[in-house]
Amino acid sequence: MGDKTISIKHLVGLEGVSRDDIRIILDTGFTFREVLERPIKKVPTLTGINVVNLFFENSTRTRISFELAEKRLSADVTSFSAAASSVKKGETLKDTVQNIHAMKMDAVVMRHPVPGAAIQLSHFVDAVVINAGDGTHEHPTQALLDMLSLQEKFGYLEGLKVGIIGDISHSRVALSNIFGLLAMGAKVTLCGPGHLIPPHVSELGVEVNGDVDEVIEWADAVNVLRIQRERMGVGLIPSVREYRSQFGISLERLSRHKKELIVLHPGPINRGVEIDSEVADSDQAIILDQVLNGVAVRMSVLFHLLKPREEMEAA
Amino acid sequence: MKKVKAKLMDADGFERTLTRMTHEIMERHENLEQLAVIGIRTRGEFIGRRIANLMADLKGAEVKFGTVDVTFYRDDFRTHLPSPEIGPTNIPFAVDNLNIILVDDVLYTGRTIRAALNTIMDFGRPAAIELAVLVDRGHRELPIKADYTGRDHPTMTNEHIHVHVKEVDQEDEVLLLEYVDG
């Protein structure tokens with residue numbers, strides 16, 4: 001028994017994050033789940049710690065989830081959103097960050113449209129950086145909450161068979177899930193239209209299968225990605241109806257398989273496109289558990305990244 | 001380096017002390033319905049559970065029992081003191097209007113007790129909270145005092161009290177340790 005400390009200083013992605021670190025974050029995530037069941041769902045842990053949420057891209061649920069996590073840890077929270085910030089006036093990321101820096105923030109949660117923005121930011125600032133989604137690159141807390149939800153449902157991740165269905169190429173959720181699930185020893189199969197699956201992705205250690213029925217037959221759980229409507233009609237996805245018939249998780253499709261498949265979705269849902277309402281509202285969908293687990297796992301990430309380290313004592 | 005200076009309690013003494021403390025608690029609290037025992041993780045949890053079991057045996061009735069983990073309520077988040085592994089707080093009953101016996105192994109600065117009181121308050125409004133500790137070693141930094149004490153043992157600051165319980169340490173005993181150079 002002893003103090004469990006994670007080795008990472010920032011959470012810019014799950015690429016290269018160790019199984020031990022993920023395990024610690026998930027375990028503490030379950031402890032925060034318990035906090036969220038209490039009459040008073042707030043603990044004083046981060047009292048006096050300043051966290052800024054920088055959202056250079058639209059987001060509702062991730063931003064609210066982070067804000068809730070921060071507030072339930074008693075941190076002082078400041079939020080910027082793109083529309084209201086100086087970015088529209090032409091300020092560069094570096095200038096914005098230096099301003100934030102001058103305000104002496106302890107942690108920065110950032111969503112940015114450019115892949116790698118969070119990594120770049122972590123080079124500029126002393127504050128802890130948490131990536132809340134950087135373009136098509138990574139969205140690590142989403143993958144952590146997906147893993148927490150899977151762990152809660154199945155009790156294990158090692159050897160768990162997870163299908164990820166949809167537009168893999170443009171999905172930061174998919175990439176973070178791939179890194180995280182593989183680190184935890186799960187098996188991952190990607191499924192989607194061929195041109196929306198990155199070439200050479202199997203080199204990461206995942207399978208690729210274009211037949212959604214085969215993936216359903218194989219998997220213990222499927223993570224159904226949102227089809228981003230902005231990608232339709234630009235040559236990537238011809239039509240909603242065609243996508244639905246080939247890859248949609250419909251009740252009719254699931255009923256062809258005699259098994260209890262667990263369905264995840266990062267939200268927001270396009271009902272009737274990538275997933276049917278009947279499936280999304282059924283007991284086999286754990287979409288609302290994911291929302292609750294999102295707050296818990298973000299509390300865990302903030303807690304562990306902001307916790308002082310042993311080696312700082314020696315310094 | 002730490003070295004054992006004295007054994008303050010052996011297994012027999014440990015058992016007798018818990019039995020005496022249980023009787024003292026029951027002298028003041030006849031109605032077990034109104035009573036709950038909450039142990040502070042980790043050693044206080046085992047000691048609290050034993051007190052609750054002793055009460056249940058004496059009265060032939062269930063005693064409500066819960067545990068608190070104070071990690072998220074500690075006042076030393078910004079310092080670098082190592083903290084024990086985070087564990088669950090489990091209070092499976094409504095604390096409102098109950099008399100709560102808060103149990104810990106060693107009473108020292110009082111800061112852990114302060115954190116535990118805050119934790120319990122977030123679950124509701126108990127009628128009263130009393131404190132039971134196996135060993136009081138002095139050096140209080142907050143105005144906190146035990147209602148039931150197994151043993152008073154004023155210590156030096158370079159000394160340390162280790163409470164071992166058979167559930168995790170194989171043996172019940174209380175040791176006085178001394179930090180020595182080298």
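Which order do the three strands of the open sheet in chain B have? The order is β1-β8-β7, and the pairing is antiparallel.

This is a predicted model, in which local features need pLDDT of at least 70, side-chain atom pairs count only at pLDDT 80 or more, and totals for chains, interfaces and linings use all residues. Residues are numbered from 1 along each chain as its sequence is written, while chains are lettered from A and ligands numbered from 1 in the order in which they are written.

**The sheet of chain B**

Helices (H or I, at least four residues) and strands (E, at least two) are DSSP runs, numbered from the N terminus. Two strands are taken to pair if DSSP finds at least two bridges between them.

β8(B) comprises residues 173-179 and is joined to β1(B) by six antiparallel bridges. Along this pairing, A6(B) stands opposite L176(B), and K2(B) has Y179(B) as its bridge partner. β7(B) is likewise joined to β8(B) by six bridges in the antiparallel sense, with E159(B) opposite E178(B).

| Strand pair | Sense | Bridges |
|---|---|---|
| β5(A) (161-165) and β6(A) (187-191) | parallel | five |
| β6(A) and β7(A) (207-208) | parallel | two |

K161(A) has K187(A) of β6(A) as its bridge partner. Between β5(A) and β6(A) the chain passes through helix α6(A) (residues 172-183), in a right-handed β-α-β crossover. A crossover counts as right-handed if, with the strands pointing away from the viewer, the path from the first strand over the helix to the second runs clockwise. Further along the sheet pairing, L190(A) is bridged to V208(A) in β7(A).

**Helix packing in chain B**

Helices α1(B) (residues 11-28) and α2(B) (residues 43-59) pack at an angle of about 65°, and their axes are 9 Å apart. Their contact (C-beta atoms, placed from the backbone, within 7 Å) involves L18(B), T19(B), M21(B), T22(B) and M26(B) of α1(B), together with R50(B), I51(B), L54(B), M55(B) and L58(B) of α2(B). By class, seven of these residues are nonpolar, two polar and one charged. Ala, Val, Leu, Ile, Met, Phe, Trp, Tyr, Cys and Pro count as nonpolar, Asp, Glu, Lys and Arg as charged, and the others, Gly among them, as polar.

**The two domains of chain A**

Chain A is assigned domain 1 (19-139 + 293-310) and domain 2 (140-291), with bounds that come from an automatic or database domain assignment. Their centres, taken over C-alpha atoms, are separated by 25 Å. Domain 1 of chain A contributes 21 residues to the contact and domain 2 of chain A contributes 23 residues. On the side of domain 1, the elements giving two or more residues are α1 (19-36), β4 (128-134) and α11 (287-306) of chain A. Of these, α11(A) gives the most, with six residues. That side of domain 1 has seven nonpolar, nine polar and five charged residues.

Note on methods. Axes are lines fitted to C-alpha atoms, for helices over the stretch in contact, and angles run from 0 to 180 degrees between N-to-C directions. Two residues are in contact if their C-beta atoms, placed from the backbone, lie within 7 Å.
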